[in-house]
Amino acid sequence: MLAKREPKGLLSPAGARALALLIPAGLLGGALLSQFVGGLYPCEMCIWQRWPHAIAIGFAILAFVVPKARTPLVILAALAIAASGAIGVFHAGVEQGWWEGITGCSTAVGGGTTNPDDLLAEIMAAPIVRCDQIPWSFMGLSLAAWNATISLIGALLILIGVKKGSR
């Protein structure tokens with residue numbers, strides 16, 4: 001009896017596993033680079049979009065390590081990526097003024113100091129980042145809109161790849 005061969009390519013189970021790791025790692029890495037290298041401070045909703053990507057990375061790594069649970073872990077990663085995309089859609093809508101956001105502003109205070117004067121100076125110097133403002137855009141889309149687009153399309157491609165493997 002011949003062993004069943006796993007389909008190859010991007011829209012295959014192996015491709016889905018790779019996308020489940022690469023998409024959130026790329027988006028989270030890009031967000032962190034824009035913050036720590038580019039000086040683009042995140043608002044509160046930007047940070048919300050990061051958490052599902054971190055969770056998806058964990059599921060994707062487990063999918064490579066635990067072969068018996070591979071498919072459910074890849075599906076969970078895709079759902080986490082889609083959750084970040086959904087938050088991105090909401091955030092982009094707030095930025096465009098289509099609906100009201102549920103947060104005000106946030107600041108990025110690194111800290112580590114226990115001296116009250118130093119802490120106050122750091123708080124006063126920290127930029128105020130509003131969730132309803134677009135600090136950077138590319139081709140007419142904000143970072144939140146790009147996250148939504150890439151995350152939702154990526155999650156769909158991952159699920160298609162998983163489905164192709166179940167045939």
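**Core, pocket and aromatic cluster of the predicted chain**

I23 touches I81, I150, G154 and I158, residues up to four places away in sequence not being counted, where contact means heavy atoms within 4.5 Å. The structure is a predicted model, in which local features need pLDDT of at least 70 and side-chain atom pairs count only at pLDDT 80 or more, whereas totals for chains, interfaces and linings use all residues. Residues are numbered from 1 along each chain as its sequence is written, and side-chain values use heavy atoms, with hydrogens and water left out.

I23 is also one of the residues with the most contacts inside the largest nonpolar core, a set of 17 residues in which A16, A20, A56, V74, I81 and I158 are likewise listed. A nonpolar core is here a set of buried Ala, Val, Leu, Ile, Met, Phe, Trp, Tyr and Cys residues joined through side-chain atoms within 4.5 Å. At least two residues of this core come from each of α1 (13–36), α2 (44–65), α3 (70–96) and α5 (143–165), and α3 gives the most, with six residues. Helices (H or I, at least four residues) and strands (E, at least two) are DSSP runs, numbered from the N terminus.

In the chain as a whole there are five helices and four strands, and the elements follow one another from the N terminus as α-α-α-β-α-β-β-β-α. Of the 167 residues in the chain, 32% are buried, the classes of relative accessible area being buried (under 20%), exposed (over 50%) and partly exposed (in between), computed with a 1.4 Å probe on protein chains only. Among the contacts in the chain with a separation of 6 or more, 71% are between residues 24 or more positions apart.

The largest pocket has a volume of about 470 Å³. On a 1 Å grid over the protein atoms alone, a pocket is an open set of points where a 1.4 Å probe fits, with protein on both sides within 12 Å along at least five of seven lines, and lining residues have an atom within 4 Å of a point; grid points are joined across faces, edges and corners, and the volume is the space filled by probe spheres set on the points. The lining comprises 26 residues, of which A31, S34, L143, A144 and N147 lie nearest the centre of the pocket. By class, the lining divides into 14 nonpolar, nine polar and three charged residues, where Ala, Val, Leu, Ile, Met, Phe, Trp, Tyr, Cys and Pro count as nonpolar, Asp, Glu, Lys and Arg as charged, and the others, Gly among them, as polar.

Two aromatic pairs are present in the structure. The rings of F90 and W99 are stacked, because their centres are 6.2 Å apart and their planes stand at 15 degrees; W98 and W99 form an edge-to-face pair, with 6.1 Å from centre to centre and 65 degrees between the planes. Rings of Phe, Tyr and Trp (its six-membered ring) pair if their centres lie within 6.5 Å, planes under 30 degrees apart counting as stacked, over 60 as edge-to-face and the rest as tilted. These ring pairs link F90, W98 and W99 into a cluster, in which F90 is partly exposed at 27% relative accessibility, W99 is partly exposed at 36% and W98 is exposed at 60%.

S142 belongs to strand β4 (residues 141–142) and is buried, with a relative accessible area of 4%. The C-alpha atoms of S142 and A92 are separated by 7.1 Å, although the two residues are 50 residues apart along the chain. Q133, by contrast, is placed in the loop between β2 (128–130) and β3 (137–138) and is partly exposed, at 45% relative accessibility.
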